[in-house]
Each structure stands twice: as structure tokens, then as C-alpha cells.
Amino acid sequence: MKRIVYREWLLQPQRYWGLLAILAAVIAVGGLSALYMEHHGHWVTGMTNSVVWGVPHVFAVFLIISASGALNVASIGTVFDKKVYKPLGRLSGLLAVALLIGGLLVLVLDLGRPDRLLVAMTTYNFSSIFAWNIFLYSGFAAIVIGYLWTMAERKGNALQKPVGTFAFLWRLALTTGTGSIFGFLVGREAYDTAILAPLFVVMSFAYGLAIYMLVLFYAFDADGRPIGPAMLKRLKNLLALFIAAILYFTLIYHLTKLYGAKNDDIETFFLISGGLYTGLFWVGWILIGGLLPLGIIYHPELSQRRDWIAAACGMVIVGGLAAMYVIIVGSQAYPQEMFPGYSVIQFGAPGDIGGQVAPYSPSFPELLLGFGGVGIALLITAIGVRVLQFLPESLADRDVDPHASARSTA
Amino acid sequence: MSFLSDVYAGLFYFAAFVLVAGLANKIIQYARTPAPLKIPTTPAPTTKLGVTLRMTREVVFFESLFRGSKWTWIFGWMFHFGLFLVTLRHLRYFLDPVPLLIEMIQPFGIYGGMAMVVGLAGLWARRFLVDRVRYITALSDHLILALLISIGVSGLLMRFVVHTDIMRVKQFFQGLYVGQVQILPADPLLLLHLLLVALLMIIFPYSKLLHAPGLFFSPSRNQVDNPREQRHIAPWAKRLEQD
Amino acid sequence: AVLGVGSAAYAEGVGDFVLPSSKAASLENCVEPTEYMRRNHFELIRHQRDETVYGGIRGDSHGLSGCVSCHVGYDDTGAPIEIDAEGQFCRSCHAYASVEMNCFDCHATVPRGEAWNHEVAAAHAHLTGSAPIGPTAAER
Amino acid sequence: MNHENESMNQGRRDFLGAAAGVSAAAVAPGVFLHTPVANAAARTDPVTDLHRWGLLVDTSKCADGCTACVDACDSENGLNLQSKPHGQDELKWENQRAVWIRKVKLQDNLTGHVTNLPLMCQHCEHPPCVDVCPTGASFKRADGIVMVDRHTCIGCRYCMMACPYKARSFIHEQVDHKLTRAPRGKGCVESCNLCAHRLDSGDISTACAEACSAEGHQALIFGDLKDPMGPLRQALAKTPSRQIRQDLGLNTGVRYAGI
Amino acid sequence: MAKADFQVPVLKQYPEIPEIEPGVMAHSSPFKSKPQFQADLGFPGELVDDWQTKAIDKMGDLLGRYRSLRVYLDSCVKCGSCTDKCHYYLGTHDPKNMPVGRQDLLRKVYRRHFTIAGRLFPKLVGAEDLTEEVLGDWYSYFHQCSQCRRCSVFCPYGIDTAEISMAAREIMDHIGVGQKYCNEIIAKVYKIGNNLGLPGPALVDTLEGLEEDVFDDTGVEVKYPVDKEGADILLVTPSADFFAEPHVDGLIGYGKVFHEAGVSWTLSSHASEAANFGMFIGSYENMRRVALRIREAAIKLKVKRIVFGECGHAWRVAYSFLNTLAGPWDFLDPRYPVPQHICEFTYALIQEGKLNLDKSRNDDMVLTYHDSCNVARASRMGDRPGGQFDIPRAIIRATCNNFYDMDEETIRDRTFCCGGGGGLLTDDLMEIRVKGAQPRVEALNNVMQEKGVTHMAAICAICKSQFTKVLPYYGMDLDQIVSVHQLVSNALVLTGEETDDEDEVADEAA
Ligand code: HEM
Ligand code: HEM
Ligand code: SF4
Ligand code: SF4
Ligand code: SF4
Ligand code: SF4
Ligand code: SF4
Ligand code: SF4
């Protein structure tokens with residue numbers, strides 16, 4: 001069999017260090033924001049007792065599910081034996097770990113007591129999905145590192161398939177688990193449905209792949225490695241499939257909600273009257289995150305252009321953040337219904353929110369913390385591809401799949 | 001009780017003397033020995049600043065070792081970084097008042113202690129498992145690892161299982177500064193810990209632990225790559241020219 | 001007012017950190033032998049903490065509120081001084097040994113509104129900030 | 001809104017069933033003989049499941065404009081010692097400060113009838129907050145009190161997401177003043193603990209119920225759901241009551257009459 | 001395939017780290033130097049009496065003179081990072097060919113005599129006396145090190161086994177145990193001016209032959225001058241360039257490049273050798289003596305610049321040591337670095353667009369590039385670190401259409417030595433040369449299989465000679481190795497050159 005040759009990322013030192021410096025600056029700002037919020041307490045953020053999870057969770061959840069989605073590419077290669085995806089596997093694993101770490105870090109820094117991280121890692125409540133998620137996350141990191149090892153070390157090659165399959169299953173569990181964090185919140189109208197889990201799975205596929213493709217394009221362009229048109233086409237079609245799946249599950253989600261008749265209020269809220277949240281849903285989640293990229297990918301001309309495909313990936317990511325915002329923040333802002341048939345005319349002291357939409361405006365530090373998490377993920381990736389052999393030397397069609405290119409030229 | 005304190009006081013005066021004198025002697029010897037030729041391993045930095053950065057990367061990240069052997073790097077780095085944190089944490093016994101920075105690092109020192117022991121265990125395992133490393137290992141290599149692991153384990157035991165009287169430990173060492181012998185708690189673990197530490201201090205200047213200062217004097221790492229721009233010549237080589 | 005600060009920081013013998021103005025000063029021993037307390041007091045409080053929080057056991061002197069009530073120092077006017085203040089009992093040691101202790105992020109540093117028990121409450125009625133004692137349901 | 005009424009009736013029937021279950025448990029051998037007495041000393045042995053503490057709120061007795069229970073809880077548990085951080089917006093602060101019990105005023109959509117009631121942690125038998133807590137800091141004591149072990153709470157706020165009653169508060173700011181009996185600090189979540197320190201110190205009362213009685217309203221009755229002779233079970237037997245969001249099947253320890 | 005009386009290593013698709021086989025290479029040692037050549041270099045003719053004491057004294061002397069030796073002997077922690085890095089270990093499996101194993105041969109004696117621990121507890125720290133057996137090991141194994149410095153890249157302290165080998169060889173020379181190949185060659189340089197013992201008139205003859213060949217080929221009169229006083233540039237090149245294949249094609253290339261650049265240049269018969277074997281035997285004095293010949297030639301010919309031809313070890317001595325050994329060079333043109341590499345020279349011309357290169361003329365080859373060890377790890381080209389990797393590659397890319405790199409772990413500063421450097425390029429060491437070449441040949445084989453590579457370019461005379469000799473053992477062709485300037489020579493369209501197809505060239509140039 002033909003070997004796939006991997007090489008460290010050979011970006012010019014100045015450019016490379018410049019990139020690291022930028023990422024480091026983003027991370028530093030994120031870190032300072034976290035410190036600021038931690039020092040003063042959460043009152044300096046937009047979060048309240050009504051909206052308890054804000055923008056940091058939007059970023060964290062986005063990064064975590066993207067992490068699991070990023071591994072998809074490797075899974076396709078090993079689990080489903082699609083040889084052409086094999087060269088993409090290592091970067092996929094690295095990106096998965098990096099995104100996961102970025103997301104978890106944001107999550108941890110948004111805790112009320114991050115100093116008790118050790119408590120979180122040593123005392124578990126096994127009835128909590130969240131606790132299972134901690135396992136799922138750390139297990140994920142460990143398994144992917146093992147998986148990477150089987151890909152990189154020839155002694156481990158034989159194990160690649162079983163480990164890869166295990167990682168694949170684990171990853172499904174992880175996204176399902178993340179989705180279930182919300183799915184099992186019976187007290188919140190928007191969440192209480194099992195459809196959230198599969199929705200999160202397809203979202204993870206799309207977001208992970210979009211990030212993967214952007215990183216791949218950038219890394220390959222920066223040190224002049226080729227990506228063949230067949231490869232590009234394959235990736236972009238995959239992305240289209242996932243986007244379509246998101247749209248489909250979104251539809252199902254709202255249909256189930258509408259079907260459960262007493263939920264029509266929250267449906268009205270999301271789809272019609274929810275102001276910002278309605279806007280984010282239609283413009284962000286559906287249009288920018290779904291229809292536009294689909295349009296680009298199936299456009300006869302634009303779909304041939306790398307920069308347009310990259311733009312489509314960017315849109316999927318923006319749409320994903322919007323979707324997370326609607327799911328996480330929107331659902332908290334919507335009042336919890338405790339007294340059916342009654343209107344709440346007073347709920348504690350005047351500022352205390354009950355029975356009406358809770359206000360939430362993210363503060364700057366929250367946003368910066370979120371970006372810091374993205375920065376961490378990218379920094380890990382950038383260092384990883386530089387010091388270890390993650391990137392194949394070429395994704396030109398003839399190197400990846402000699403038969404395919406023979407066929408096409410024939 | 002106070003006899004024990006006296007013995008330990010004497011031991012630590014001796015160990016500190018050996019450590020300082022021995023190291024100073026070695027460092028002076030290294031500094032005095034000329035490096036007649038430019039032998040940086042290239043690609044090497046072409047400026048002093050670049051060399052400082054290269055050296056920093058070597059000291060902080062063990063860059064070359066990373067390129068050479070990933071497993072050794074993981075364990076080695078864990079051990080050294082752990083050791084570094086533990087050392088910072090230990091400064092609380094030796095400084096009064098304790099600087100804020102040290103105070104803030106305190107809690108991490110414990111993780112450092114654990115990392116250190118795990119790292120050492122990994123390094124030791126390698127000495128048995130990898131045939132090439134087994135071949136180059138001398139008895140002393142095993143003993144140094146054993147010594148460090150014992151120090152770590154006795155320390156962790158004190159931290160987690162059999163607590164000792166930290167106040168007295170600190171007072172003992174504060175006393176040594178001014179030549180007073182205070183009471184040292186006669187807890188067996190503490191005595192063991194301290195005995196091994198004194199041993200470590202004594203062998204430091206006479207063993208491979210010299211790698212710590214050695215790295216800074218390694219010509220293949222600390223030289224600037226500018227032989228064409230600047231003439232580099234050792235005094236003894238200069239003398240050849242006068243003939 | 002802050003008595004014994006100087007000696008506290010450099011105390012040599014066992015029990016020398018105890019503040020002369022505290023209740024402990026007049027007693028022979030801590031809740032356990034003092035040698036033991038020096039080495040293991042935090043294990044004790046931690047153990048007691050779980051007993052109290054999960055088991056509801058509050059009738060034991062090993063709790064943090066117990067420590068505070070016995071070891072807190074008083075100024076000339078008889079007002080208690082925060083136990084983690086500079087030179088006070090907990091701080092004098094912990095600063096010297098540079099051991100971080102975040103208990104007092106949450107816990108009161110002077111006896112103030114002790115657990116609801118009218119005996120305890122009555123005993124501290126004279127202290128500023130104590131919870132007002134009302135008649136209990138039983139008494140009414 | 002027909003089906004709403006239906007579900008209320010359904011609720012009532014459910015409750016009767018549940019109450020029957022409670023009494024059945026209480027009649028179990030040995031249990032019946034034990035009646036709690038107010039011993040003046042603090043407890044020295046761990047709490048057991050021989051009791052399950054609860055409250056009955058008779059909304060018909062809860063007075064418009066009265067906040068005695070809220071005030072009592074505030075001073076009992078040191079909540080009145082919280083102070084608005086310098087520079088924080090007043091309304092936002094109200095939404096950020098810890099509140100263990102709040103006064104809620106409702107208006108019937110059909111009749112326009114106004115109902116008052118205090119809302120606090122409902123001390124669910126199957127508490128979602130406990131289910132979700134990753135560290136197990138949210139827990140249910142053997143005697144049915146749901147509370148937070150703030151030594152292991154990491155401030156993730158998942159329990160707040162899970163609680164259907166908005167019963168929990170996050171401490172958003174540094175707390176400078178605190179009571180010995182009610183420690184409190186930045187970054188943890190807390191909620192009504194049925195005045196556990198009172199119970200553990202030998203008294204059977206909560207500050208809120210006591211205050212309500214003191215005001216002469218008697219809208220709050222505290223007691224042991226497992227003691228058929230106790231005041232709570234007696235009152236429950238007399239008045240039909242239901243649980244808020246009974247549909248969730250959490251079997252709350254706090255019951256409401258009159259809604 | 002060449003015949004071997006030893007087992008030629010098998011080439012694998014993926015590199016493998018072998019298990020140790022102690023002592024398998026103990027028999028391999030080079031012929032000893034004859035007393036007469038020892039004397040020429042200032043060493044005793046044969047093993048002296050009380051050689052132990054003398055050796056220890058010499059070691060003490062070197063410890064006082066070389067910080068590298070002192071620090072390296074103290075610092076090794078036996079981490080093992082270097083153990084699988086030496087091509088001789090990979091090819092022979094002998095643990096004494098692991099860099100640290102090699103160092104330890106010297107280190108154990110150092111510990112015994114120069115450290116307290118070794119004096120008091122020799123067993124504990126693995127210290128040993130200098131016995132005859134140890135000396136035997138020294139002679140064998142310090143002549144199985146090509147001083148390629150690959151080990152120093154991966155050692156956390158940069159411990160460079162080359163320095164240790166040099167010191168050991170110096171000590172051995174001082175007790176009368178010298179190596180024939182190196183010492184004879186140095187003696188030849190002293191007598192005749194170059195390693196091959198090619199006298200001045202023969203040199204002139206050869207170069208005239210070249211001029212004719214080039215004229216026949218291209219119709220352009222390219223000159224290859226010797227001892228031309230007043231020329232701008234003194235070219236110092238390894239003597240193999242004068243006749244060995246493929247070296248000589250490189251030399252033809254240099255001449256064409258100079259010709260196109262329009263500069264005046266010359267060779268010198270006094271300094272007709274770039275390589276400096278003084279380095280191999282670790283003798284500062286001899287290295288200096290050899291280097292001074294270049295200074296003398298430069299002064300005599302009144303040149304303004306010095307340019308070195310393609311040779312690895314030579315370029316190390318030139319780039320890193322020439323200023324130290326034979327400087328200062330203040331009488332030369334200060335606008336140019338002293339010395340310059342021919343690649344730097346050619347690269348600058350390419351950058352300025354002064355060379356008309358027709359890449360298609362090299363279309364019969366698919367190339368890869370071998371970073372010669374001493375160029376890669378002990379020198380630089382251009383003004384940026386790493387120029388020694390980029391500049392030759394840039395030249396190849398400018399002259400060829402088909403170029404692929406070998407595996408990343410085997411190129412740039414991680415390159416594998418050809419197996420013949422450091423004074424081992426002698427037939428009496430054929431076994432170690434063939435086995436030591438295995439890692440490099442393995443990587444070459446992989447690109448041949450996968451990318452269809454046909455030729456490997458190099459810029460070192462030793463590499464070129466070594467590969468032409470060794471590749472046949474592995475079933476490859478000896479002419480698969482080419483000079484970088486051979487490629488330049490092929491592609492360069494000289495001004496006024498008659499080409500078969502003028503139009504085509506015009507197209508290409510446009
Ligand atoms: C500037 C400070 C230091 C640097 C840069 C440094 C670096 C290293 C490196 C790169 C290694 C090889 C990899 C490994 O086996 O871990 C090593 C090994 C070692 N270091 Fe250090 N070190 C330093 C200080 C120290 C100190 C202060 C100690 C002891 C107290 C120490 C003890 C050791 C030991 C025992 C080993 C050998 C481990 C083995 O046997 O495998 N090092 N050091
Ligand atoms: C004179 C010097 C030293 C003194 C007085 C000393 C004393 C102590 C004491 C009292 C503890 C217990 C800490 C506790 O209970 O919280 C401790 C722990 C420990 N010691 Fe040392 N030690 C010394 C040197 C060292 C050295 C050189 C090392 C490492 C090579 C070391 C490694 C450790 C470790 C790993 C722990 C456990 C983790 C920790 O508490 O930081 N100690 N030491
Ligand atoms: S004290 Fe009683 S009447 Fe007043 S608000 Fe509370 S429950 Fe209602
Ligand atoms: S009311 Fe909320 S906080 Fe209280 S037990 Fe139920 S779920 Fe938990
Ligand atoms: S905030 Fe605290 S109590 Fe609530 S779920 Fe998180 S850890 Fe548990
Ligand atoms: S039971 Fe106690 S804690 Fe709960 S609301 Fe009433 S007073 Fe507050
Ligand atoms: S210098 Fe080269 S040949 Fe010598 S030991 Fe090191 S790697 Fe081997
Ligand atoms: S890499 Fe360096 S320190 Fe490690 S064994 Fe080799 S020579 Fe010694």
C-alpha cells in the first residue's frame with residue numbers, strides 16, 4: 001500500500017510566530033476577562049438568576065459539539081473504511097481535542113468556583129448527565145489521543161479500527177450527552193424533548209466539519225500544499241448533507257413542540273414574537289447557517305471556488321453560534337410556566353423576573369472569554385501541526401486516491 | 001529530641017555547604033574553560049536574543065528532547081515541572097514573610113508533587129522496559145531516581161496521611177539562618193524526607209544532576225551563529241598565532 | 001488591643017498561638033490534645049463539616065463555629081476581632097506557614113448569629129450583630 | 001382553557017393518592033411510635049428518613065401586601081445582609097441577589113381573581129436539581145430537605161436550569177457580612193433549606209411559618225409529612241391541596257391549598 | 001549489485017528501531033596510520049610506553065581547552081533520546097554505536113580519573129580504567145562515527161558526540177594510534193596541496209580538458225583558470241571535483257555560473273582542496289595548518305572574495321571555523337561574507353534573474369535532495385537560519401521541474417548522514433559505510449517507490465563518493481547521485497549558446 005507522508009507545518013517562522021502572537025493575545029484577553037469576572041463575581045456579567053447561562057455557555061457548547069463533529073472526518077476514514085479520508089484523520093483528531101479543550105476551558109472559567117475544579121473531577125453524582133459529561137469529555141480527550149497514537153505509530157496501526165470505532169461511538173454518546181444536558185431539563189419548556197439529542201448530533205457534524213475545512217484550507221494554503229478538486233468536492237458535499245440534516249431536524253423539533261399543544265406559546269416566542277431570539281432563529285440559524293451555505297455549495301460556479309466554500313463554512317459557524325444562542329439563552333429568557341391559567345402579576349421584588357421574558361445582554365468580558373476559548377483551540381492546533389506530523393504533505397487527488405484520478409483522467 | 005535537632009542542623013549546614021561550594025566550583029570551571037570553536041547546532045539563532053529564546057525553550061519546554069523522544073519528554077517534563085512547582089511551594093519554609101506569588105502558587109505545588117512522582121515512575125519504568133536505555137543505565141541512575149521518588153513519596157505522605165507540624169519545621173529552618181537550633185518535630189516521615197533531601201544536596205554537584213547548570217554552558221546550544229561576521233577565538237588558540 | 005501578636009507569629013511551644021484574650025486562653029486543652037490539633041485540626045473540621053451538612057449534627061465542638069467561638073480574640077471594649085484578621089488566631093499561623101484557607105469567604109469570622117439554639121443565642125446576646133432572639137414556637 | 005381545569009382536577013386526585021402513600025409509609029411498624037419532640041439540645045446523631053419535612057401554604061389566608069415570611073427568612077438566613085455591588089443597576093441587582101422565598105401574586109386568566117402565595121424551594125421528593133448536579137453538592141437530606149453542600153458546589157448553575165420553580169439563587173458577588181448560622185460566599189448556589197439549622201438545634205419551626213403566625217395569618221404550616229398526628233398532616237387532611245407543576249411528578253414537600 | 005562479505009541491511013517501508021546486539025561491530029576498525037605520516041602531523045609513530053598516563057594527561061589537557069568536552073562529559077543524564085538517532089546504530093544494531101554508548105566509552109574513563117564519584121565508587125557510576133580493551137573499543141567505535149551531529153539535535157543538552165569522537169581521536173593520535181586514511185591525506189595536503197595528491201600541472205591539464213568539453217557541448221568558451229593572480233574570486237573546492245563523477249559535473253556548473261555572472265575567478269594549486277581532515281582527527285593545530293593554506297593562496301593571488309565549492313565537512317570548517325583558524329579576513333572585499341558558498345553565489349544570481357535556466361533540460365530526472373549532515377547541522381547559507389536548507393532547494397526548484405523531498409524526519413536538520421563522513425570514506429571501512437547508509441537509502445528508496453524519484457542531488461563531495469560506492473550494494477545505480485551544480489550546469493542556457501531549438505528556449509524564457 002502507498003504510504004501517506006505527513007509533514008510538520010512549514011510556515012515561515014515570522015508568519016508562524018505572528019499567528020501565535022495574535023492567538024496568544026486573544027487568549028490573554030480572554031483570560032483577563034475571566035479573571036475580572038471571577039474577581040468581582042458574576043454580577044459584572046449579563047447573567048442573573050433568570051438567565052444563568054450566558055454567552056460563555058454558547059461558545060463552550062458550540063466548541064464542545066464541534067469537537068465531536070471534527071472527529072467525524074477521521075471516523076469516516078477508519079470506521080467506514082473510506083480510504084480517501086485517511087490522510088485527513090490526524091488533523092481531525094487534533095482539532096477534536098483542541099476544540100474540546102477550548103470549550104471546556106470556557107466552561108470551567110465560567111464556573112462560580114473554578115478553584116474547585118478538583119472537586120468536580122473527584123466527586124461525581126452519577127445520576128447527573130453533567131457528571132457523565134465530565135467523564136465523556138475527559139474520556140473523549142483520552143480516547144482521541146489514543147486514536148491519534150494508533151494513526152501515528154505503526155505499532156498501533158492494527159488497533160486503529162477498534163479504537164477508531166470506539167472513539168466514534170464515544171463521540172456520539174458525547175454529543176448526545178451534551179444535547180441531553182438540555183433535553184432533560186423538564187422545568188424548561190424549550191428543552192423538554194428527546195429530539196434535542198439527534199439535533200445536537202447533526203449540528204456537531206456540520207459545525208465540526210465547517211471548522212475542520214477552514215483550518216485545513218488555511219493550513220494548506222499557508223505552506224503551499226495542494227488540495228485536489230475531487231477532495232474538495234467530497235468535503236463540501238458532506239457539509240451540504242449535514243446542513244440539510246440540521247434543517248430537517250430543526251423542522252422536526254418545532255413540529256414536535258407544536259404538536260405538544262401546550263407548547264404553542266414557546267413556539268410563538270421562538271418563531272414569531274421573540275424579538276432578538278426570533279431574528280436570530282430565522283436569520284442566523286436558518287438563513288446564514290443553512291440556506292445560504294447550501295446555496296453556495298450547490299451553485300454551479302461559486303461551488304468551484306475555494307474562497308466561496310470557505311465563506312460557506314464561515315456562515316455555518318456563524319449560524320451555529322446563533323443557533324446555540326437561541327437554544328441556550330432564548331430558552332432561559334422565556335418565562336417558566338408554573339401556574340397554568342394564571343397570569344403572574346408580581347414575582348418577588350420588582351426587579352425579580354417571573355412570568356415575563358427575562359432580559360439578558362451579554363457583557364464584553366463574557367464575549368471575550370468565549371473568543372479566548374476559540375483562541376485556545378486554534379493555538380493548540382497551530383502548535384500541534386507545527387511540532388508533530390499531522391498534516392499530509394499533499395491532498396492532491398492523485399496522491400490521495402490514485403484510482404479516482406486515473407478514472408477521471410481516463 | 002533536641003539531640004535529633006542538633007544532628008539535623010549539622011547535617012543541613014554540611015549539605016548546604018557542599019551544594020553551594022560544589023556547584024560554584026563546577027560553574028566557575030565551566031565558565032573558565034574556553035570554547036575555541038563555533039559549534040552551535042544549526043539552524044541556530046544569529047543574535048544573542050535569539051540564543052536566549054532558544055535556551056529558554058530548551059529549559060522550559062525541553063524542545064530537543066521533545067523532538068527526540070516523546071515518551072521521555074512527557075515523563076521528564078512532568079517530573080521537572082512538578083519539581084519546579086514543589087520547589088516554589090517549599091519556599092514557604094524558607095522565606096518569611098512569604099511573597100504573594102509563592103502564596104498563590106501554593107495549592108498547585110501539591111499537584112506538582114503528584115506529577116513529579118508519576119513522572120519519575122515513568123522515567124524509571126523506561127529504564128527497565130526499553131532495551132537501549134537499559135543498556136546505558138548505571139546503578140547510579142537507578143539510585144538517583146529512587147532517591148527522588150522517595151523524597152516525593154515521603155512528602156506526599158506527610159501532606160495527605162501523616163501530617164507533621166509545619167510551624168515547627170519552618171521555625172527550625174528559620175533558626176538555622178541565625179545559627180539557632182530550634183526543635184524539629186520528631187516525626188519519622190519528616191526525618192526521612194529531610195535526610196534524603198540532605199543526601200540529594202550533597203550528591204548534586206558530583207553527579208549527573210550537573211545537567212542543570214550544564215545546559216546553560218553547552219556550546220551547541222548557547223552559541224550565536226555568526227562566525228563569518230565575528231571572529232571567535234580562544235585565548236590558547238590566539239597564542240598559536242603569535243608563534 | 002491586638003494582644004500577643006508579636007509573640008504569636010514566632011511562638012515556639014505548643015499552644016502559644018492561642019490569643020490571651022480568647023476563651024481558649026483560660027482552658028487547659030483544645031477539643032483534642034493540642035499537639036494533635038496542630039497537625040490535624042483541618043481534618044477534624046472537615047470531618048465535622050460533612051457531619052453537619054449531611055447529617056445535621058450540630059451538637060459537637062469540632063465544628064468551625066466552635067473554633068471561632070472559643071479562639072476568637074476580643075479587643076479592649078470586649079468586641080470580638082475577626083479571627084482571620086492580621087495577627088489573630090487562624091491568620092497568625094496561616095500567614096506564617098502560607099497556607100491558604102478560604103473558609104472565611106463564607107463563614108463568619110466572629111460569633112454572630114450562632115446556630116438557632118436559644119441557649120447558644122442567649123449566651124451571645126450581648127454581642128453586636130447577634131440574631132434577635134424571639135420566643136420559639138414551643139415557648140409560645 | 002378547559003383542559004387546564006381538567007388537569008387541576010387530575011392533580012387533586014393524584015394528590016390524594018400520594019397522601020395515601022405517605023400515610024401508608026408512616027404506619028410502618030416502629031415508625032408510628034416515634035413522635036418528634038422539641039428537645040432543646042442540638043442533635044448529635046445524623047438525621048434519618050423517619051421524618052419528611054414539609055409545608056402547607058393556604059393561599060386563601062395569605063394576605064395581599066404582607067411580606068412577613070420573606071422578611072423573616074431574610075433575617076434568619078442572613079439574606080438581608082447582602083448588599084448591592086457598587087455601580088450595579090437596581091433592577092438587575094434584584095434579579096441577581098439571592099432570594100430564598102418570594103411573594104408571588106397571581107391573577108386567574110378567566111375570573112380575574114387574585115391569589116397571593118409565597119414560593120420557595122418545594123423540597124421535591126425527586127428533585128431535578130439533585131439529579132443534574134455534577135458533583136452531588138445538591139442533595140436531599142435523609143429527612144427530605146433539599147439543600148446545597150456549598151463546600152462541593154462548583155457554581156455550575158445547572159441546578160438552577162433544572163429547577164422548575166426558580167427556587168435557587170446564585171451568589172453573584174462578594175459577601176462581606178454573614179451570620180455564623182448562615183455562611184454564604186461568592187460563586188455558589190443556594191436555596192431555602194427549611195431552616196435546617198433550627199431543626200438540627202432541636203426546634204420544629206421555620207422562620208417563615210413562625211412569622212406568618214406571628215402576623216396572625218396562619219397561612220403557612222410547617223411539619224412532618226410522615227407524622228399523621230402532626231399539624232401538617234392534620235391540616236392537609238382538612239384542606240384540599242395540590243403541588244405546583246404537579247404534572248412533573250416531583251412529589252414536592254411544599255403543598256398549596258386554594259389554587 | 002555489489003558483492004558484500006557482510007549482511008547488507010534490508011530496506012523497509014517504515015523505519016524501524018532495532019533491538020540492541022552488543023559487540024557486533026567490535027571487529028570493524030580502520031587501518032592504523034604508518035609512523036611516517038604520524039610524524040608529519042606531529043604525532044608519535046606508534047603506541048608509546050606508559051600510554052595510559054599519557055592518554056589521561058592528554059584528556060586532562062583537552063578538558064581544560066574545550067568547554068564542550070567538559071560539559072558534555074558531565075551532563076549526560078542517560079535519557080536515551082539520542083540512542084536511536086545515529087545511522088550507524090540503526091544500520092548495525094551495535095549499542096556502542098548509540099551516541100551515548102559511544103560517549104560512554106570515553107566518559108567511563110573520564111569518570112574514573114576526573115570525578116570524585118568515579119574515584120570513590122567506580123562500580124556505582126560505571127567508571128572504568130583505561131585498559132587495552134578499552135583502547136581497542138575506542139579505536140573501533142570512534143571510527144564508526146561520521147561526526148554528523150545528528151545526535152546533538154535530539155539531546156536535551158545538545159551533547160555533540162562528534163566533539164567526543166574528535167577528542168578521542170586526538171587522544172589516540174597523541175599516544176601513537178592514528179588512523180591511516182585521515183592522517184595520510186592530511187600529510188598529502190601538506191606536501192601537495194590536496195587530498196588526492198593531484199599536483200599542479202595535472203590540475204591545469206584536467207581543467208583544460210574541461211574547458212574543451214564545455215566548448216564542445218555549448219560552443220561557449222567557459223574558462224577554468226588556475227593560479228590567476230588578481231582574479232576577483234578564489235574558488236576552493238574539494239579535489240574530487242577535478243575528476244570524480246558526479247563531482248566534476250558540479251565543477252563544470254560552477255564555471256558556467258561564474259562565466260554568466262561575468263566575474264573573474266581562479267582556483268589555486270596551493271589551496272586546491274576545500275576539505276579539511278584536521279577536523280576529523282580533532283586536531284586544532286592540524287586543522288589550522290590546513291586552513292592557513294587558503295589564507296596564503298588568497299594573499300598570493302590577491303583575490304577579493306573566497307567561494308567554496310560543494311562539500312559538506314569542508315563547508316563546516318569554512319563557514320564556522322575559517323575566520324577563527326585563518327582570519328581575520330580584513331584584506332578581502334568587506335561587502336561579501338567570507339567565505340561564501342557556491343550555492344549562495346548561484347542563488348543570488350537566480351534571485352536577480354541573471355541566469356537563463358531551462359528547467360526542461362533536467363526533465364529526464366525526478367529529483368530529491370540530500371541535506372549533507374555538516375551543511376545542515378553545522379553551518380548556514382544566506383542570512384537567515386535554515387538558509388542551508390532553503391537555498392539549495394530553491395536552486396533545484398529553479399533548475400528542475402520534478403522535485404520531491406524525502407520524509408521530513410530524514411531531511412533538513414534531521415537529515416541522515418550518507419554514512420561515509422568524518423574520515424570513514426575508506427575501503428577498509430566498507431561494512432560500516434554500507435550499514436550506516438541504510439537510513440538514508442531507505443528514505444531515498446521510499447520516494448523512489450512512491451514519487452518515482454530517479455536521482456538524488458547533494459552538495460558534498462563525501463556524500464557523492466559514498467553514494468556512488470554504496471548505492472549498488474542496495475541494488476541501486478551509482479549514477480543516481482548528482483551534484484546540485486550539475487543540475488545548474490544542465491539547465492543553464494549560456495549567453496551565446498547554440499541550442500538545437502531556439503524557439504523552444506525563447507518560449508521557456510518568456
Ligand atoms: C535548568 C534546570 C533543568 C533542566 C533544563 C533539566 C532538564 C532535564 C532533561 C531535559 C532531562 C532529560 C529527560 C528526562 O529524563 O527527564 C533531565 C533528566 C533528569 N533531571 Fe533534570 N533538568 C533540570 C534540573 C534538574 C534538577 C534540579 C534535578 C534534581 C533535583 C534534576 C533531575 C533530573 C534527573 C534525576 C534526570 C534523569 C531522569 C532519568 O534518570 O531518566 N533536573 N533533566
Ligand atoms: C530542606 C528542604 C525541605 C524541607 C524542609 C521539606 C519539608 C517538607 C514538608 C514539611 C512537607 C509536607 C508538606 C505538607 O504537609 O503540607 C513536604 C512535602 C513534600 N516535599 Fe519536601 N522538603 C524539603 C525538600 C524537598 C525537596 C528537595 C523535594 C524534591 C526533590 C521535596 C519534595 C516534596 C514533595 C513532592 C512533597 C509533597 C507535596 C507538597 O506538599 O508540596 N521536598 N516537604
Ligand atoms: S407571612 Fe403569611 S400571609 Fe404574609 S406573605 Fe407570607 S405566607 Fe402570606
Ligand atoms: S424546588 Fe427546585 S431547588 Fe427545590 S428541590 Fe425542587 S428542584 Fe430542587
Ligand atoms: S451550581 Fe452547585 S449545586 Fe448547583 S448543580 Fe452546580 S454544583 Fe450542583
Ligand atoms: S423554611 Fe426557612 S429557609 Fe425556607 S423559606 Fe422559610 S424561612 Fe426561608
Ligand atoms: S555524530 Fe553522527 S555518527 Fe557520530 S554518534 Fe552522533 S549521530 Fe552517530
Ligand atoms: S540524548 Fe544527550 S543526555 Fe540523553 S543519553 Fe543522549 S547524550 Fe545523554
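Here is a short chat about two ligand sites in a predicted model.

Mentor: Quick ground rules: residues count from 1 along each chain as its sequence is written, and chains are lettered from A and ligands numbered from 1 in the order written. This is a predicted model, where local features need pLDDT of at least 70, side-chain atom pairs count only at pLDDT 80 or more, and totals for chains, interfaces and linings use all residues, while side-chain values use heavy atoms, leaving out hydrogens and water.

Trainee: What makes the arrangement around the iron atom of ligand 2 octahedral?

Mentor: Six donors count as octahedral if opposite ones are over 155 degrees apart and all others between 65 and 115. Here the 6 donor atoms subtend angles of 85 to 179°, so octahedral it is. His90(B) and His193(B) each coordinate the iron through NE2, at 2.0 Å (donors are N, O and S atoms within 2.8 Å of the metal, or 3.2 Å for Na, K and Ca).

Trainee: How do you know that the site of ligand 1 is shared between chains?

Mentor: A residue is near a molecule if one of its heavy atoms lies within 4 Å of it. Residues from chains B and E surround ligand 1, so the site is shared. The closest of the 24 include His211(B) and Tyr157(E).

Technical notes. Four donors count as tetrahedral if all angles lie between 85 and 135 degrees; four count as square planar and six as octahedral if opposite donors are over 155 degrees apart and all others between 65 and 115; anything else is irregular.
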